[in-house]
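Keep the structure open beside the text as you read.

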Amino acid sequence: MAHNDHANIGLESADIQKISDILQKYLATEIALNLKIRNYHWNVEGAMFRDLHLFFEGLYNDGAQYADEVAERIRMLGVHTHASMAEYIEMTIISEEKNISLPAMEMLANLLKDTETIIREMRKDIDIVWKMGDQGTEDFLTALIQKHEKDGWMIRSLCKNK
Ligand SMILES: [Fe+2]
């Protein structure tokens with residue numbers, strides 16, 4: 001994409017490219033996570049079925065919002081947003097889920113692992129965008145990490161099999 005399409009907002013074009021690549025990575029990751037959560041919503045079984053079916057529905061509804069916000073943040077930098085499954089599967093930092101008959105506790109363990117992976121990666125990237133002087137994206141990712149941290153707390157609490 002031509003650099004002159006980038007927003008003229010006081011950021012170097014090369015930095016906008018790097019920042020938008022970071023955001024595209026999270027868009028891909030949010031989409032991959034969202035499909036994984038839908039799998040679990042549809043396929044969960046057992047004594048906790050009702051609770052987890054509804055819990056997963058809340059998570060994927062929130063997650064769909066996160067993905068939309070990341071996509072629109074990319075557009076605010078003047079960059080077009082990736083929108084193909086092939087690119088998402090290449091860029092996501094979490095693996096997709098192909099197993100459709102996992103035990104409920106394994107579903108929760110996988111979601112906790114993915115959520116914590118996202119949080120750790122985001123923490124590094126917040127520092128990177130801060131160093132480039134992009135306060136808008138820094139603030140955006142700081143808000144997004146808090147949402148994942150809250151989701152992580154809820155998933156972690158459900159993982160405690162007392
Ligand atoms: Fe449903």
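Helices here are DSSP runs of H or I with at least four residues, strands are runs of E with at least two, and both are numbered from the N terminus. Glutamine 146 is 77 residues away from glutamate 69 in sequence, and their C-alpha atoms are 14 Å apart in space.

Before going further, please note that this is a predicted model, in which local features need pLDDT of at least 70 and side-chain atom pairs count only at pLDDT 80 or more, while totals for chains, interfaces and linings use all residues. Residue numbers start from 1 along each chain as its sequence is written.

Staying in helix α2, we come to histidine 53. With 16 C-beta neighbours inside 10 Å, histidine 53 also counts as partly exposed. Leaving aside neighbours within four places in sequence, histidine 53 is in contact with His41 and Val44; a contact means that the two C-beta atoms, placed from the backbone, lie within 7 Å. Tyrosine 40 is 13 residues from histidine 53 along the chain, with 7.6 Å between their C-alpha atoms.

Now look at how α2 packs on α5. Their axes come within 12 Å and cross at roughly 170 degrees, which makes α2 roughly antiparallel to α5. Axes are lines fitted to C-alpha atoms, for helices over the stretch in contact, and angles run from 0 to 180 degrees between N-to-C directions. Angles under 35 degrees count as roughly parallel, over 145 as roughly antiparallel, 65 to 115 as roughly perpendicular, and the rest as oblique. On the α2 side, Leu59, Tyr66 and Arg73 meet Thr137, Phe140, Leu144, Lys147 and Asp151 of α5.

Helix α5 itself covers residues 135–159, and its 25 residues reach 35 Å from first C-alpha to last, close to the 36 Å expected at 1.5 Å a residue (that is, 1.5 Å times one less than the number of residues). Which residues of α5 are buried? They are Thr137, Leu141, Leu144, His148, Asp151 and Ile155, and their cover includes α1, α2 and α4.

Two of those covering helices also meet each other. The axes of α1 (residues 13–43) and α4 (residues 104–131) come within 11 Å and cross at roughly 170 degrees, and the two helices are therefore roughly antiparallel. Ile19, Ile22, Thr29, Leu33, Ile37 and Tyr40 in α1 meet a set in α4 that includes Met107, Leu111, Ile118 and Val129.

Stepping back, the chain has five helices and zero strands, giving the pattern α-α-α-α-α along the sequence. Its radius of gyration is 17 Å, close to the 15 Å from the globule rule for 162 residues, so the chain is as compact as a globular protein of that length. The radius is taken over C-alpha atoms, and the rule is 2.2 Å times the number of residues to the power 0.38. Of the 162 residues, 29% count as buried.

Key
Buried ≥ 20, exposed ≤ 12 C-beta atoms within 10 Å, placed from the backbone.
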